[in-house]
Amino acid sequence: MVNVVGSTIARETDAGIYLHAGPEIGVASTKAFTCQLAVLTMLSLFIGRRKFMSQPQCSQLIEGLTEIPQQMTRVLEHSEHIKGIVEKFCDRENWLFLGRGYHYPIALEGALKLKEISYIHAEGMPAAEMKHGPIALISPGMPVVFIATRGQQYDKVISNIEEVRARGGEIIAVATEGDTQINRYSDHVIYIPDTHEPLQPLLSVVPLQLLAYHAAVARGCNVDKPRNLAKSVTVE
């Protein structure tokens, strides 16, 4: 998967897919990341259709994929709400990001972005493994971001949230629109539109990227040129 047309990787590869994300101005990639997710989704659908998926299954996901840009726009409208949440916690030096299944990699991305541009220490971990170590990190007032969208593992994520709350952690949840239950367990909620579970990461990552952005701005950091990071890496 390549973004720059005619780049070295594009010339050297045996088979490439262009992202067509356009120039990524900031060092910390955002739109290229979501374009990678979209391309991987389409590639997975292509292989799945060849292997085992039915035409209706593929059509549902493709239709859902076409709605993602409009739904992303709706998520971006929550920017000021996210800014308000971040302002309460941007002085905290340790954050935890937790997700299950499709959302574990998104938890990693959320933690990475926060580290890269705001210089806050953050860890992304699988919520399923929380009891096997990460729970020891929880201290009163610590911001813990959960991706708690509706899906097969929703109830298990709620259980993880309760465990963190019992130890004094401050819960910031990314949840599905219409989910009123999540307010009972979380201190702050950021909603994303409802979509098919395999497509949820395309939406759930946006609030985490906005969270990192607003934290960096609040701390006076250069969002586009974070310290110690280079736009292109030329050494091994």
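Me: How many nonpolar, polar and charged residues are in the lining of the second largest pocket?

Reply: First, this is a predicted model: local features need pLDDT of at least 70, side-chain atom pairs count only at pLDDT 80 or more, and totals for chains, interfaces and linings use all residues. Residues are numbered from 1 along each chain as its sequence is written, and side-chain values use heavy atoms, with hydrogens and water left out. By class, the lining has 10 nonpolar, four polar and four charged residues. Ala, Val, Leu, Ile, Met, Phe, Trp, Tyr, Cys and Pro count as nonpolar, Asp, Glu, Lys and Arg as charged, and the others, Gly among them, as polar.

Me: Which element gives the most to that lining?

Reply: That's α7, with five residues. Helices are DSSP runs (H or I, at least four residues), numbered from the N terminus.

Me: How do α5 and α7 pack, and at what angle?

Reply: Axes are lines fitted to C-alpha atoms over the stretch in contact, and angles run from 0 to 180 degrees between N-to-C directions. Here α5 (residues 104-118) and α7 (residues 200-218) pack at about 20°, their axes 9 Å apart. Angles under 35 degrees count as roughly parallel, so α5 and α7 are roughly parallel to each other.

Me: Which residues of α5 and α7 make the contact?

Reply: Contact means heavy atoms within 4.5 Å. Among them are Ile106, Leu114 and Ile117 of α5, and Val205, Leu208 and Ala212 of α7. By class, the contact of α5 with α7 has 11 nonpolar, four polar and two charged residues.

How values were computed:
Helices (H or I, at least four residues) and strands (E, at least two) are DSSP runs, numbered from the N terminus. Angles under 35 degrees count as roughly parallel, over 145 as roughly antiparallel, 65 to 115 as roughly perpendicular and the rest as oblique.
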